[in-house]
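Student: I am new to this structure and would like to go through it with you. Could we take it step by step?

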Amino acid sequence: RVIASIAHGAASVRVAMLADEGVAMRLSKETNVALNDLIDMLAHTGCARVAEMSAQEVSMLLWAFVNWFGAARGQSSVVASQTPMRTTSYYALLRAIATDGERRVQEFAPQALAYFAWAYGTIHFVSLPLFDAIACECLRNKRIDSFCVQSLTRLAWGFSRAGHSAPALFDAIGVAARPAYVLQQCRPQELVTIATAFADAGHSDPALFDGIAAEAQGRLHEFNALDVSSLSRAFARARHPSLALFDAISDVAKDRLYEFDGTDIARTARAFAMVGHHSRPLLDAIAKEVLDERPL
């Protein structure tokens with residue numbers, strides 16, 4: 001537990017520091033080396049002792065390293081030159097945790113199962129035996145029914161990002177997530193995430209998308225520009241042209257295009273074209289925004 005706790009604390013501090021590039025750049029080279037030495041030592045120790053840890057401690061350790069190196073990957077080249085990643089021990093630990101997780105998957109709570117899928121999918125470290133074991137465990141005795149909506153979202157996202165085909169699991173996630181009372185618990189980003197996960201996985205679930213559309217169209221004022229454009233993209237990729245949803249997106253987007261960056265605008269316009277939804281007010285607003293407000 002000490003190993004997992006130290007790693008968790010060190011990663012939390014490191015993520016906070018790297019989030020502020022000014023702070024990160026003021027750190028001395030010696031400080032960066034010491035921090036990397038610490039995380040490297042914890043990775044080596046964790047590899048040797050992961051089998052002794054509880055399921056919760058293994059989850060803490062995984063969280064620490066995924067966030068540590070996720071933050072490091074997102075830093076600028078200047079900061080990165082001061083804090084080079086030591087990937088050998090990092091990947092060795094990920095392999096050890098995946099092997100141990102596959103062996104002890106029945107010990108993990110729903111939140112931990114979902115987090116494992118999310119973490120390994122997000123960093124594109126695909127362990128096929130681990131993902132197979134997670135899918136089987138979620139379906140065993142209908143454990144998926146005990147997952148909260150946040151865990152369902154993470155689970156779908158992780159398998160989608162990993163490119164791991166699991167039709168039975170996605171069927172079960174769809175059944176668990178589609179009731180209106182479940183979707184009402186979702187934050188905008190979670191509605192977008194689960195729609196994107198199913199679309200990117202190429203898993204058709206019209207009832208789920210109908211439910212997401214019904215829930216989202218009355219709450220689009222809660223969505224930021226990225227959420228709006230990503231939701232339209234997900235429905236277009238899923239080939240699910242919900243007329244009411246796209247009408248609602250058009251009404252909202254045309255008056256808020258100043259919040260959209262170039263990618264958001266392009267993504268939204270492409271989504272409308274893909275589903276054949278020709279919204280003249282939105283297209284006119286996009287043309288005006290691009291030509292008048294953002295000249296090339």
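Tutor: Gladly! Let us begin with a term: a residue is called buried when its relative accessible area is under 20%, exposed when over 50%, and partly exposed in between. Keep in mind that this is a predicted model.

Student: Is Phe-125 buried or exposed?
Tutor: The relative accessibility of Phe-125 is 14%.

Student: Are the rings of Tyr-90 and Tyr-91 stacked, edge-to-face or tilted?
Tutor: Their centres are 4.9 Å apart, and their planes stand at 50°. Planes under 30 degrees apart would be stacked and those over 60 edge-to-face.

Student: What about Tyr-91 and Phe-125: which kind of aromatic pair do they form?
Tutor: Here the distance is 5.9 Å centre to centre, with 10° between the planes. Planes under 30 degrees apart make the pair stacked.

Student: How many residues apart in sequence are the parts that this pair ties together?
Tutor: Tyr-91 belongs to helix 6 (residues 87–103). Phe-125 lies in the loop between helix 7 (110–122) and helix 8 (128–139). The pair therefore ties together parts whose separation in sequence is 34 residues.

Student: Where is Ser-59?
Tutor: Ser-59 is buried, with a relative accessible area of 14%. Among the residues it touches are Phe-108 and Phe-116. Its place is in helix 4 (residues 55–73).

Notes
Residues numbered from 1 in each chain as written. Predicted model: local features only at pLDDT ≥ 70, side-chain atom pairs only at ≥ 80, totals over all residues. Heavy atoms only, no water. Helix = DSSP H or I, 4+ residues; strand = E, 2+ residues; numbered from the N terminus. Buried < 20%, exposed > 50% of the residue type's maximum accessible area, 1.4 Å probe, protein only. Contact = heavy atoms within 4.5 Å. Phe/Tyr/Trp six-rings, centres within 6.5 Å; stacked < 30°, edge-to-face > 60°. Lists of a residue's contacts leave out its neighbours within four places in sequence.
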